[in-house]
Amino acid sequence: MICIEAKNLRKVHRGGKGVHGIDLSIPSGRIVGLIGPNGAGKTTALNAILGLVPYEGSLKVLGRDPWHERHAMMQDVCFIADVALLPRWMKVWQVLDYVEGVHPRFDRAKAETFLSRTDIQRRSRIRDLSKGMTAQLHLALVMAIDAKLLVLDEPTLGLDLLYRREFYITLLNDYFDHDRTILVTTHQIEEIEDILTDVILIGDGRITLQDSMANLETRFTELKPRPDTTETARALNPLNERLVLGQSIMLFDGVPKDELKQLGETRQPKLADLFLVLMAQGRPRKEGHAA
Ligand SMILES: Nc1ncnc2c1ncn2[C@@H]1O[C@H](COP(=O)(O)OP(=O)(O)OP(=O)(O)O)[C@@H](O)[C@H]1O
């Protein structure tokens, strides 16, 4: 089943920035990273997906139109915008009571179990919790809701490395399954690339790359050619060539790895490397370039 489907989705703000006609097709049971530099349009796209802003083009989330059918759609969607969003004056037990009262799919016992693994006290006020604890509480609330789509917008912003790791490990081990889809935006690419099944790079409101992590592994290769093979490698039309300590390093898309191995040392580029190169080029690269 397709969880999110967008065709020519546009949301242009005053001043001309926003999202300029993107196509998305995200099946259920995937963990998708929506990655882009500041101001790329990530939050704008998420706001359209969550039915928080009107948009042009066609958009279906869990088979519904988010703007016109928001109430019904949100029964199956959970959203973490920022760790600071919980009401600061409430006590932890009051937040649990509140969510239990308003959300039909909230499993209080599950939330209590998650909380019992933390140092969070039921009687603490939210404003007295550290940022990391607030994130843990937020995650406990969200994971106790039986949703089909979980949208996370920079969920670990401001947390230290330990909390960030724990956040994603908990999410992966205790929440994710094949009926659920997670859509996450973050600047900390290195930390999530191992948990993603798919990636969407967005820049200036346009999609630069959209593919599965498995396909990216087949498609992209970094090559350090030998001096005698440098020109042969260049003739294969690398996406990018950079010099490191006087040694040329080339990035290829869709050139068979076996062919490149004949020319020198090859390596699998990290997602952050691809991000830097593709964002600098700003050229759209769609699925299907795999050799
Ligand atoms: N309501 C608005 N009115 C005018 N411009 C806006 C509005 N909301 C966002 N923008 C502009 O649209 C562009 C995209 O913003 P958006 O928040 O979607 O980016 P982002 O990728 O989430 O960025 P960041 O990583 O910095 O959060 C930015 O240039 C922003 O200034």
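These legends describe views of a predicted model.

**View 1. Overall fold of the protein.** The protein contains 11 helices and 13 strands. Along the principal axes, its C-alpha atoms fill a box of roughly 70 × 40 × 35 Å. Of the 291 residues, 38% are buried. Among contacts with a separation of 6 or more, 70% are between residues 24 or more positions apart.

**View 2. Packing of helix H5 with helix H6.** Helix H5 covers residues 131-143 and helix H6 covers residues 161-174. Their axes come within 11 Å and cross at roughly 10 degrees. Angles under 35 degrees count as roughly parallel, and H5 and H6 are therefore roughly parallel to each other.

**View 3. Residues at the contact of H5 with H6.** From H5, the residues in the contact are Gly-132, Ala-135, Leu-139 and Met-143. They meet Tyr-163, Phe-167, Thr-170 and Asp-174 in H6. By class, the residues of this contact divide into 5 nonpolar, 2 polar and 1 charged.

**View 4. Domain 1 and domain 2.** Domain 1 spans 2-204, and domain 2 spans 215-281. The C-alpha centres of domain 1 and domain 2 are 35 Å apart. Domain 1 gives 8 residues to the contact and domain 2 gives 7 residues.

**View 5. The side of domain 1 that touches domain 2.** Helix H7 (189-192) and strand E8 (198-203) are the elements that give two or more residues to this side. The largest share, 3 residues, comes from E8. The residues of this side of domain 1 divide into 5 nonpolar, 1 polar and 2 charged.

How values were computed. Residues are numbered from 1 along each chain as its sequence is written. This is a predicted model: local features need pLDDT of at least 70, side-chain atom pairs count only at pLDDT 80 or more; totals for chains, interfaces and linings use all residues. Axes are lines fitted to C-alpha atoms, for helices over the stretch in contact, and angles run from 0 to 180 degrees between N-to-C directions. Helices (H or I, at least four residues) and strands (E, at least two) are DSSP runs, numbered from the N terminus. Angles under 35 degrees count as roughly parallel, over 145 as roughly antiparallel, 65 to 115 as roughly perpendicular and the rest as oblique. Two residues are in contact if their C-beta atoms, placed from the backbone, lie within 7 Å. Ala, Val, Leu, Ile, Met, Phe, Trp, Tyr, Cys and Pro count as nonpolar, Asp, Glu, Lys and Arg as charged, and the others, Gly among them, as polar. A residue is buried if 20 or more other C-beta atoms lie within 10 Å of its own, exposed if 12 or fewer, and partly exposed in between; C-beta atoms are placed from the backbone. Domain bounds come from an automatic or database domain assignment.
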